[in-house]
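Hi,

Here is the structure I promised to pass on.

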Amino acid sequence: MKAIRRFTVRPVLPEPLRPLSDLARNLRWSWHPETRDLFQSVDPERWAASDGDPVRLLGSVRPARLAELAEDRRFLRRLGAVCDDLNDYLTGERWYQAQPGGLPAAIAYFSPEFGITAALPQYSGGLGILAGDHLKAASDLGVPLIGVGLLYRHGYFRQSLSRDGWQQEHYPVLDPNELPVSLLKEEDGSPAYVALALPGGRRLRARIWLAQVGRVPLLMLDSDVEDNDPGERGVTDRLYGGGSEHRLLQEMLLGIGGVRAVRTYCRLTGHPAPEVFHTNEGHAGFLGLERIAELCDEQRLDFDSALEAVRAGTVFTTHTPVPAGIDRFDRELVAHHFGPDAELPGIDVERVLRLGMETYPGGEPNLFNMAVMGLRLAQRANGVSLLHGQVSREMFSGLWPGFDPEEVPITSVTNGVHAPTWVAPEVFRLGARQVGAQRAEDVLSLGGSERWDAVADIPDQEVWDLRRDLREQLVQEVRSRLRASWRQRGAGTAELGWIDSVLDPDVLTIGFARRVPSYKRLTLMLRDPDRLMELLLHPERPVQIVVAGKAHPADDGGKRLVQELVRFADDPRVRGRIVFLPNYDMAMAQKLYPGCDIWLNNPLRPLEACGTSGMKAALNGCLNLSVLDGWWDEWFQPDFGWAIPTADGAGTDPEHRDDVEAAALYDLLEQRVTPRFYERGRQGLPDRWIEMVRQTLMRLGPKVLAGRMVREYVERLYAPAAVAHRALDADTARELADWKERVRASWQQVTVEHVETSAAAATAELGSTLALRVHVRLGALGPDDVEVQALSGRVDSEDRITEAVTVALKPAGGADQEGRWVYEGPLTLDRTGPFGYTVRVLPAHRLLASAAELGLVAGPSQELVEAAGVLMR
């Protein structure tokens, strides 16, 4: 019989055990082995049955067992020690507190998903896992971050397979009362709410759930409250679910409601107000509008002045290398939800729309682009690897017309991963034996090392024994999951005897696990099935492959790729050597990364923004075999991995490209990877393979840490944003807004009229210096409003300057009778071969973060260029 109502019965812990509840409610347990070990000792069987979730564990332990533990002095001593350790972690000084003054008092970090632990399934893939690792690393470093997201009642879907291998989705209902979260409450004990105004006088209300991630609070908004109409209750039903209006409401709640939740949290707890707001991808971009509205209301600023103040303290991170990965909404839909009859009634709807419209060459002027709004509302922006930064500058260059892509003000901070979450306990213990437990913990959490040289002293036999042990654990995990999957697919026990011999702990093991959009090419390995079969079944150097991944519920193309892979893996000839595991999540990943010898990644270059799964594998001594994309393009060296050659190019046929790159993958596996794994040295060990594992840990390990990543965000983005935020008080913001308006209004009058040099011939000697004189008209502007620059360097066959060197020219006296200014400066010929220069005028102001910020530039006319003969050969 089905229950007509569901509610949660909480356990009553004996007084001596009350601290267990506090430990369970702080998610530090998800990356702190001693805390997990303590909970496991409460009841090992129920711990396993609860999938390592302390909240579920405490809700299922028998009262008699709790009474027994309450009298167990040894357990209570362990409990006290773990609680003391957590208290020290929460209150002691960390890296951030030891830095020089001037850092932000607090930073608000907004993301549509957060992957903290499998016990809190509020993530779908890399974006969420990255956001979770960002929070955890910030906690370890003592960075005063406040996370902001949504609480989805169904989370992301659970995946199973039909008998014929088709992906099926399941959406279990999540009860927040059974999750490691608590309601944020007002001083009178009532739940705290935020609300959005909807068209037609309706309101969308949301509660605020608090997940404590070590030192970092994570606020999650939940619209499933009784005061809402059924449609509004469902706004936070599913991660990335629903149609356009549903997604728009989710993103308004995340951005606008999220700022209101932060204000509520700070009011109730006394937490410092954020000086910097970090938008993790465009989904939360509306947060800037709410902050503009705050300043217009509280400080009586006009829209333009408030915009400048908001931009100064905002950081925007883009994660997508393709326009199709960005949320875009119809102009009329956005207009419907803002203005006098809806949200932010004090802001003109046209000003809202102007922030997100694609009003640039190649854009679609009727679409509202969330990433474009994010960039226009942030003074600082970044991609998530060096290559992705380059791709982003090219993709968004239309927002900065007149500038070369390399000058577009989007930098990069390469992602990292939270080592304490992803490093297997066995790997940590091996390192701890070498350098001590506390030092090993600091090295993984705080980062800062250039190399981990202590790894060099670990004996080869210990390294190889560890790798074999982890591989054997993975084999057991795969068999267990595969058996459960086949039972879900309808198989009986009598059909599944073959699973006991699936995989071999002594065979080279390849892992491939990620989301399944087409560009990640799940089935590239199947391009030549016969050749793959030969690799799997090679009599002397076999390989085995573990594959996992979810296709988006609406992506039938991705589901067909899953089905193609599953059908190949179901073939009795190879099913002992290749498996597909459904329902890829954090819990599976934590078993998969350590147990693999090779981590395979073969996206279409350059469509992988970063690709952090290979980083997690590397921290466990797994070698990367990947296309040079994302982070691997930046850090690959043949000492610790392999690069799959690519056939990328504008004219490359996609089918031919896949054929070429699949053949390159097979060649690498046959000729270089498998021989190195199976060849043995004098001691019977694969010496060269072990050395690659050692090099991976020594040289790659320190780079891929989330601690390194968060430090970079603090030093390169958060700290400058905080300085800019403080500089823009109300009066200064008005000054900057007025200056920008004056410059934009006058810019058409700015021209370069004449350029002359001291060069008399078309050739010159290396190291010589030319005198450069430039005549410019500034119209209503003055020299304090602009900078006149000379750019010089080698030129290509089309006269484009490469690796330009920029020199600021100085005004020589005042304006002449016709209003022209003369600027002068030296031009050093520091490179041989074809050399060229040009000049330009840019807006200049002390509060600009970049000379390209306004997207305005004035250069010589084409006629002037042709007359000047600016190229020297």
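Below is what I found, taken region by region.

One thing to keep in mind throughout is that this is a predicted model.

Let me begin with the second largest pocket, which has a volume of about 970 Å³. Its lining is made up of 32 residues. If you want to find the spot on screen, select Leu-307, Arg-376, Arg-744, Glu-853 and Leu-854, the lining residues that lie nearest the centre of the pocket. Several elements give two or more residues to this lining: helices H11 (303-312), H13 (349-356), H14 (370-376) and H28 (730-746), together with strand E13 (380-383). Of these, H11 gives the most, with 5 residues. Sorted by class, the lining of the second largest pocket holds 16 nonpolar, 11 charged and 5 polar residues. Domain 2 (95-416 + 718-727) and domain 4 (744-868) each supply at least three residues to this lining.

Since H11 came up there, how is it placed against its partners? The axes of H11 and H28 come within 8 Å and cross at roughly 110 degrees. That makes the two helices, H11 and H28, roughly perpendicular, and their crossing is right-handed. H11 also meets helix H10 (residues 287-298): here the axes come within 9 Å, and the crossing angle is roughly 125 degrees.

Most residues other than glycine have a negative phi. Arg-300 is not a glycine, yet its phi is positive, at about 55 degrees.

The largest cavity holds about 80 Å³ of space. It is lined by 13 residues, and those closest to its centre are Leu-482, Trp-486, Ala-569, Asp-570 and Phe-580. Helix H19 (460-488), helix H21 (556-570) and strand E17 (578-581) are the elements that give two or more residues to the lining of the largest cavity. The classes in this lining are 9 nonpolar, 3 charged and 1 polar.

H19 has a further contact to look at, with helix H17 (residues 425-435). H17 and H19 pack with their axes 10 Å apart, at an angle of about 160 degrees. The two helices, H17 and H19, are therefore roughly antiparallel, because angles over 145 degrees count that way. The crossing of H17 and H19 is right-handed.

One last backbone detail. Most peptide bonds are trans. The bond from Arg-605 to Pro-606, however, is cis, with omega near 5 degrees. You will find Pro-606 in the loop between strand E18 (598-601) and helix H23 (613-618).

Happy browsing, and write back with any questions!

Best wishes

Definitions and conventions:
Residues are numbered from 1 along each chain as its sequence is written. This is a predicted model: local features need pLDDT of at least 70, side-chain atom pairs count only at pLDDT 80 or more; totals for chains, interfaces and linings use all residues. Side-chain values use heavy atoms; hydrogens and water are left out. On a 1 Å grid over the protein atoms alone, a cavity is a set of points where a 1.4 Å probe fits but cannot get out, and a pocket is an open set with protein on both sides within 12 Å along at least five of seven lines; lining residues have an atom within 4 Å of a point. Grid points are joined across faces, edges and corners, and a volume is the space filled by probe spheres set on the points. Helices (H or I, at least four residues) and strands (E, at least two) are DSSP runs, numbered from the N terminus. Ala, Val, Leu, Ile, Met, Phe, Trp, Tyr, Cys and Pro count as nonpolar, Asp, Glu, Lys and Arg as charged, and the others, Gly among them, as polar. Domain bounds come from an automatic or database domain assignment. Axes are lines fitted to C-alpha atoms, for helices over the stretch in contact, and angles run from 0 to 180 degrees between N-to-C directions. Angles under 35 degrees count as roughly parallel, over 145 as roughly antiparallel, 65 to 115 as roughly perpendicular and the rest as oblique. A crossing is left-handed if the near helix is turned anticlockwise from the far one by less than a right angle, and right-handed if clockwise.
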